[in-house]
Amino acid sequence: EYADGFGYDIRAMPRRNAMFTSSFTGWSNYMMDLRKLLKDKEAMKEFGNQVTVWDLHAREPEKVLDVPGAPLELRPALNADHDWMFTSTALTSKLWLIFLDDNNEWQAEAVGNIGDPKDIPLPVDIAIAENDTRLWVDTFGDGHTRLYDITDPHNPELVYKKKIGEQVNMVSPSWDGNRVYFTTSLLSKWDKEGRKNDQFFKAYHWTGEKLAHQFTIDFREQQLGRAHLMRFGDEALYARQDGGDRTPVASRCDLPGQPG
């Protein structure tokens, strides 16, 4: 009744009694081979174009924002004084800012181009780091990660780009900003074929200027299935105030065939 009917990611901003949902696509497209999907004109119409703002406590939709191009992950600012979040659109390869304006109204604004959508860079996971000053953006099609300076969230600036692997997907920076982790795999039916079907967990140090590779876990070689979602529970992954050194522990990922 209010939006296009698709549901994907969900994030809450309790201090504003707000919840947000993106609308990527529906079940039938998830079950289709990606290469066939991209050539199917009718299937390509079945992608969402909106982000819905909800009353968090009442669970009632309050406003539907136009975000054309299949919005994916929603990533709210980390600072309690920052009433905004980023999302990216898979089909148009854009960065979008969802923000509270001067009239206390939620708005959506396209604030940057990630790549040429004709080349299908296919932006996937994004992650905010360093107290809302940096944004990591992964692109599945070309296997790159991009780093944006988001000190001014309305004007993100690309400051770094690196190829991580053939089909990088998820990105997770540590809270202290010194380490960044990557995994692969969209869906079993959407992953690349043959040698390009990378399935890995990769760890890097961020030097302040570039990513320095630390180690890789090859999921295919280790027969661990598909590497997708990351969940870190070990306190060694978080910043310590006393400067002590601990070795991070990586979690295992994956649910083949499950949308992320």
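Which side chain of opposite charge is nearest to D138, and how far away is it? I took this question to the model, which is a predicted one.

**Entry 1: D138**

I located D138 in strand β10, which covers residues 134-139. I found D138 to be buried and without a salt bridge. The nearest side chain of opposite charge is that of R146, 7.7 Å away. A salt bridge would require a nitrogen-oxygen separation within 4 Å. I then listed the contacts of D138, leaving aside neighbours within four places in sequence.

**Entry 2**

I next traced an open sheet of 4 strands, ordered β13-β14-β15-β16 with antiparallel pairing. The edges are held by β13 (168-173) and β16 (211-218); each has a single partner strand, so one side of each lacks a neighbour in the sheet. From one strand to the next, I noted an average twist of 20°. Between β15 (residues 200-206) and β16 I recorded 7 bridges, the two strands running antiparallel. One residue I looked up here was H205, whose bridge partner in β16 is A212.

**Entry 3: aromatic pairs**

How many aromatic pairs does the structure hold? I noted 12. W136 and W206 are both buried. The rings of F182 and Y204 have centres 5.6 Å apart and planes at 85°, so this pair is edge-to-face. Here F182 belongs to strand β14 (residues 179-184) and Y204 to strand β15, with 22 residues separating them. I found both F182 and Y204 buried. I recorded one aromatic cluster made up of Y8, F24, Y30, F47 and W190.

**Entry 4: strand β2**

Why is β2 described as largely enclosed by the rest of the structure? Of its 5 residues (18-22), 5 are buried, so the strand is largely enclosed. I checked both faces: A18, F20 and S22 cover one side, M19 and T21 the other, and all are buried. Strand β1 (residues 10-13) joins β2 through 4 bridges in the antiparallel sense, and A12 has M19 as its bridge partner. β1 and β2 form a hairpin with 4 residues between them, and N17 in the turn has a positive phi of about 50°. β2 also pairs with strand β3 (residues 50-55), antiparallel, over 5 bridges; there T21 is partnered by T52.

Terms used
Residues numbered from 1 in each chain as written. Predicted model: local features only at pLDDT ≥ 70, side-chain atom pairs only at ≥ 80, totals over all residues. Heavy atoms only, no water. Buried < 20%, exposed > 50% of the residue type's maximum accessible area, 1.4 Å probe, protein only. Lys, Arg positive; Asp, Glu negative; His and termini not counted. Contact = heavy atoms within 4.5 Å. Pairing = 2+ DSSP bridges. Axes fitted to C-alpha atoms, helices over the stretch in contact; angles between N-to-C directions. Phe/Tyr/Trp six-rings, centres within 6.5 Å; stacked < 30°, edge-to-face > 60°.
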